[in-house]
Amino acid sequence: MNVNQSAPPVPPFGQPQPVYLGHHQSSYGGQPGSTTAPTSYGAYNGPVPGYQQTPPPGVSRAPPSSGAPPASTAQGPCGQTAYGQFGQGDVQNGPSSTVQMQRLPGYQPFGSAILAPVVSQPAVLQPYGPPPTSAQVTAQLAGMQISGTVAPASPPSGLGYGPPTSLASASGSFPNSGLYGSYPQGQAPPLGQAQGHPGTQPPQRSVPLQASSFTPPASGGPRMPSMTGPLLPGQSFGGLPVSQPNHVSSPAPQALPPGTQMTGPPGPPLPPMHSSQQPGYQLQQNGSFGPTRGPQSNYGSPYPGAAAFGSQPGPPQPLPAKRLDPDAIPSPIQVIEDDRNNRGSEPFVTGVRGQVPPLVTTNFLVKDQGNASPRYIRCTSYNIPCTSDMAKQAQVPLAAVIKPLARLPPEEASPYVVDHGESGPLRCNRCKAYMCPFMQFVEGGRRFQCCFCSCINDVPPQYFQHLDHTGKRVDACDRPELSLGSYEFLATVDYCKNNKFPSPPAFIFMIDVSYNAIRSGLVRLLCEELKSLLDFLPREGGAEESAIRVGFVTYNKVLHFYNVKSSLAQPQMMVVSDVGDMFVPLLDGFLVNVNESQAVITSLLDQIPEMFADTRETETVFAPVIQAGMEALKAAECAGKLFLFHTSLPIAEAPGKLKNRDDRKLINTDKEKTLFQPQTGAYQTLAKECVAQGCCVDLFLFPNQYVDVATLSVVPQLTGGSVYKYACFQVENDQERFLSDLRRDVQKVVGFDAVMRVRTSTGIRAVDFFGAFYMNNTTDVELAGLDGDKTVTVEFKHDDRLNEENGALLQCALLYTSCAGQRRLRIHNLALNCCTQLADLYRNCETDTLINYMAKFAYRGVLSSPVKTVRDTLITQCAQILACYRKNCASPSSAGQLILPECMKLLPVYLNCVLKSDVLQPGAEVTTDDRAYVRQLVTSMDVAETNVFFYPRLLPLTKSPIENTTEPPAVRASEERLSNGDIYLLENGLNLFLWVGASVQQGVVQSLFGVSSFSQITSGLSVLPVLDNLLSKKVQGLIDSLRAQRSRYMKLIVVKQEDKLETLFKHFLVEDKSLSGGASYVDFLCHMHKEIRQLLS
Amino acid sequence: MPQFSTVEYVIQRGAQSPLIFLYVVDTCLEEDDLQALKESLQMSLSLLPPDALVGLITFGRMVQVHELSCEGISKSYVFRGTKDLTAKQIQDMLGLTKPAVPVHPARPAQPQEHPSISSRFLQPIHKIDMNLTDLLGELQRDPWPVPQGKRPLRSTGVALSIAVGLLEGTFPNTGARIMLFIGGPPTQGPGMVVGDELKVPIRSWHDIEKDNARFMKKATKHYEMLANRAAANGHCIDIYACALDQTGLLEMKCCTNLTGGHMVMGDSFNTSLFKQTFQRIFSKDFNGNFRMAFGATLEVKTSRELKVAGAIGPCVSLNVKGPCVSENELGVGGTSQWKICGLDPTSTLGIYFEVVNQHNAPIPQGGRGAIQFVTHYQHSSTQRRIRVTTIARNWADAQSQLKHIEAAFDQEAAAVLMARLGVFRAESEEGPDVLRWLDRQLIRLCQKFGQYTKEDPASFRLSDSFSLYPQFMFHLRRSPFLQVFNNSPDESSYYRHHFARQDLTQSLIMIQPILYSYSFHGPPEPVLLDSSSILADRILLMDTFFQIVIYLGETIAQWQKAGYQDMPEYENFKHLLQAPLDDAQEILHARFPMPRYINTEHGGSQARFLLSKVNPSQTHNNLYAWGQETGAPILTDDVSLQVFMDHLKKLAVSSAC
């Protein structure tokens, strides 16, 4: 392990791998020749031609590496390639364990740590102690099951896992052989019961939690190199020798190496094992592990051979061949599928405290029985450590992702509105928490005790009600605030600005009419669209017409306001050129009711494109535009939203003038952070004023070049607005996307002038907030505007002890002005469990939410720290989380296994996706603006959005029968999952690709594209022809439904295999090594394992 | 052609530029006022020659410069009313600056035949007549709410600044007229005269004396700066102020005084006073040309015995030094050329000379001194013209030929010129100082030209050519030009403005109003401006230039009340009543600005206009001493002409002086 770490090269993953490669290669090489194991590798290699090339280098390196396993450095490439190969090779998503197994062997010899199939299930780990392992595994699994969700599925897998894990361990540390033996035991302990039973094995499938464990103990060859190894078949020989030595040193290792190269030797032992185990494993099938496990066992056997492994080794051999799949490592697809199958059918009832909701990828209904729906609040963990010490130890961030105005599916009712009349909502006198189901009524109902601060309050006479025998109020069920997790109060005048009920909000459309905007056709398009769009402004309830007033401004380097008063025959334009000191030139007639001024508005929208048709003005201003909108709202004494349509860097002489400071040379330097920071503080100041006025800014950008999104998005970001960016906008290509976004943005329900406060019960406290908002103090989140897509992520810290009995309560109160100008309070309550055992914490975590938090944390970090530091921090934190688990909840003694908690088994893969995202590791083609854009987008994304954003969905379109109308099951985002005879759809919430394999059947091409051959398909096509056949309709339908799920319109891009656009597409295959240096999943897993081991040692 | 002392030449060289009228309109008006003003403005459009360029700026809380060239949507550039902008900023913001760049960044849409951007704001009337008429018709009152107890926010200072800047940037050194219509005082921004709190009244003379007018100095400076800029570019500024309260004319007076613009003060735009005055601006001569001229320079050349000491009138110095420029300044001096941006037939400059007694070049006996006035100007027909007037006067020796001088003395002209000097001084000095100076001058004159025995006041005599002079001075001392009592600062400024530009006859009327008497005793006759002229059976018609007062004596008024005029048998009474009315109409018809027309009677409150003017020969103090029933006693402590004269005589004969 150490060695790996030492590896200087930046991509820790990459580097280590090389070393491995060397080893593995050797081993693999052997494999191909002989035993099953090799074959498996071969298979992988096969698929990935490209990779093979790499091996050679690997080979050369191999020798040295062998010599100095620690050197790990060089190997990077090889390792990666290796992984890639795996991906390619396999056909199946599911079980990949086998592959791992193979690698393991390789590792072991070298001493490198192997990632055993990191499978979630701890069971796998057990494998090391061959037979016993299984038992242990099972035990663990069992434990896992208990914890949670996975239960059913996992059990089977558990078995499977067992073996794989063992393998892993084996690979890692030879020395370990001994260790391995121990592992199983170690693992067992965590499980509690299970360990004892080594013998028992199968029973447990459940164990999902810790599943994988790489054992590659620290010993020399820690690196996952094993992975790489596989690649280099040819090299294998070179490797072998080396490996052998290692092996020699550690008995177990040797065994493995054999597996690889010497398949022969190891093989033999394995086979036996296999046979026996395999069956078991397969049965178990967790998503990922299923079959694979077998192989693992093999590995195990070789190494420990003697010791615990012995047993395992046997089985592996046979398996290896099949297992070559990378599928052995936890598969997001499988996890998602399982959750869907297990939890999608029953509604999620929120009555029970601390329940972990189904994954965001699962469709489920929610029944509110006292806690807020997960659509409103999701937590990283539903079981919080009682003490801060525990929390620090676990390093699991305690955070809630809150989406206060989330849209609900039609089947679910929106929150009840409670009107307490003039007295207003009932609150605790001390902490000001609002009445909620957790408040305790005492003294016969005359008083209530606040569940947050324990203060005893009098119940006002008009609110008095008797209690029943259980101490509940008799009317509890009739009052939403006593029985539901989410509800609204009508606010009294005390809750309004200046103690005046608010006026209905206003929308102001501010259109750039400089040369670029005119030339691209944007202005004409926009004006045309607005004519009809204005009839669909958000309205409340059954209101006949929207209360929202509208106003119009156009601008280039001066601003043009329009008087569209209904009494005018023609609109009037008022030019304000004093951009240095912006003001609103008119009051009456600027903001008007759409219906009343229909004719004048239409006339205006007709004339705007004409008036500026010949403009040659290229300079624009920006800050003054926002200022103007804000001043207009101020003059009208209302809140509202500005829709800004802007094209270029504002270089005209005015406040907020910007320079082109884009400098790619800064990337990977300490100054890189400046690219994310605003150029000038002017925009923050402006944003502050906007927030004070309740002026939310939505920005639509149409840049042809650098516009400094980092600076321009400051105001939208701080005012709860959205930014949309359409680079190189062309009406023909981008109209659909823009108009669709615009329609949605204009029509969506928004709350204005909002203040959000999160209260917690004594013991924890909200300490940090992420999202699009402004904070003037440490507690109040101020949002000039808040829509149903925006989330606020809140992090909590302990400031005292919690206790298991009371749990922890959150109450999120959002005070806002509705579209109709009604002042309301929306309350969301959520009760969480508290635990004194870390295992409880790990059992109730939600990885998606965790990733959401970590991504936001990291994306904020890039503003102040070098990107590399941010990445390292993430990795370290992740390693700490997993190490803590390993240390406290899994088998404490086994260093060589990678053991992941069931709930977090996807943490590495997802985290890797975050790490290699454009913000944290930009590729050459990613512009500074793109990064800033994504950075701010992610800041207010909800869990579902971050999930798909970081790990895109890849849907095969032609695999399932055409008649099958359900959404096809996704496949893992890796190139090796693509078959060139198929067509795939990939989406990440922002982009939508249709990938066409080079050897897709002509019939398919014909029915989808209306052309006769692959070569005739236009690359980069963004619209599929509408054809009257089943396939075409199905694909169109699928695309439509995907778009409907996302808050932004995804423009389709057709990518042909081997086309130059494919590079772009491949960027989204996040399990592969990325061009920008991002590690492949497997590499990263190895690295993570190494980190964990280091922490543990 | 020696008999013609004045010759005018028409210059054909140089481009002729059309007349330019820039309307600057206050929209913080009452609805009917605004309506009346809009109508007047629309009417004026019909009076303009078709090729005249017009522009429109409106202001209230904001200032809007209307772009007149556009079709479809009406456009205007809006400026904050609180911010002082430099000429360059204004031109930048209006898109008027584009020196080197051939591209028109602001709005290249403009037609090519108008290379000048200015065409967007100043358009030939024939092109945009309809548009502008509609635009004026659609003008709304300033839409910004005015809270209780506040004045509307009125950005006059900025509006004027923009108007000046606009013309400066587009038509420098071309005759142009900025016509500023205001319905109240500037209440914000540069040039503000009073705050918007109604409870704080606008400054009075009292405040000014107490140095309690906090905005005055700054505002004055602002308008002076604007006036100088406008004058430098040959643009004149008119101010039409119609409000019941003061509007800040005191601060703004330099705008008209330095540029030769008109200053009109009325109570409301919805009065005939304003409407007819305004209409009269566009009156035409026999050739159909406006009675106005622009961008004039007046050059004075003298023979070498004379030097020019200065000029007083609607002009600014061009700072042209020369051998004929005196070291001693009287009025605007130190130059032999002045610029007069706006001229009309009544515009008059008082020019002061000094006789230089050079020892080595004594004035030749019997010789003549010559003066030539050369006036370049832009005629309203857009021609450039030069008018040359030459005069020569005989020299007389002050010692030996005093009689000649006495005989040639024009006491009326002298009174007016002295009055101008006095008024000029009054603008910058304390009132009493000016009066003392005036008295001293009068005494010295009397000492020089009077015939008397020393120390014997009764022996004092003045020759005929001087006889009226002291009386003029007496009335001048009492006039609103030197007395601020009972006048607001605005009124004083208004009176002084007109005094400093009217010709001799009008000026004399201003100094000593004319009083006519109508009675059954004979034909109408001028009578003494004296309280003794106020008799019960007379109708008096007084013309003070600013006011026309018809005053019915007590008896006449009673008759009128009794309705005798309607009885056929008393038709002569009817005629008697009608006669002053007809005469008044005649005066009204010719006068610019329209005087205030007052029809009052004995005991009427408006009779004060008459009573304040007449010589208070009878007052409550001496009423019984006189013991006559003739005339009406005036309730005042002012000295009467008689007392004044007695005093003057005493001082004149006193050797102590």
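Buried residues, those under 20% relative accessible area with a 1.4 Å probe and protein chains only, make up 67% of the 1097 residues in chain A. The model is predicted, with local features requiring pLDDT of at least 70 and side-chain atom pairs pLDDT 80 or more, while totals for chains, interfaces and linings use all residues, and side-chain values rest on heavy atoms without hydrogens or water. Residues are numbered from 1 along each chain as its sequence is written, and chains are lettered from A, with ligands numbered from 1, in the order in which they are written.

Chain A contains 38 helices and 29 strands, taken as DSSP runs (H or I of at least four residues for helices, E of at least two for strands) and numbered from the N terminus. Contacts were defined by heavy atoms within 4.5 Å. Among the contacts in chain A between residues at least 6 apart in sequence, 79% join residues at least 24 apart. The accessible area of chain A, from the Shrake-Rupley method with a 1.4 Å probe, is about 33,300 Å², and carbon and sulfur atoms supply 53% of it.

Over all chains, the structure holds 60 aromatic pairs. Rings of Phe, Tyr and Trp (its six-membered ring) pair if their centres lie within 6.5 Å; planes under 30 degrees apart are stacked, over 60 edge-to-face, and the rest tilted. The pair of Phe520(B) and Trp559(B) is tilted, because the planes stand at 45°, with the ring centres 6.1 Å apart. This pair links distant parts of the chain, 39 residues apart: Phe520(B) belongs to the loop between strand S19 (514–519) and strand S20 (522–526) of chain B, and Trp559(B) to helix H16 (residues 554–562) of chain B.

Phe573(B) lies in helix H17 (residues 571–590) of chain B, 14 residues from Trp559(B), and is buried at 2% relative accessibility. Elsewhere in chain B, one aromatic cluster includes Phe21(B), Tyr23(B), Phe181(B) and Tyr240(B).

Arg473(A) lies over the face of Phe441(A), 4.8 Å from the ring centre, and the charged end of Lys1056(A) sits over the ring of Phe1014(A), 5.1 Å from its centre.

Key. Buried means under 20% relative accessible area, exposed over 50%, partly exposed in between (1.4 Å probe, protein chains only). A charge sits over a ring if NZ of Lys or CZ of Arg is within 6 Å of the ring centre and within 35 degrees of the ring normal.
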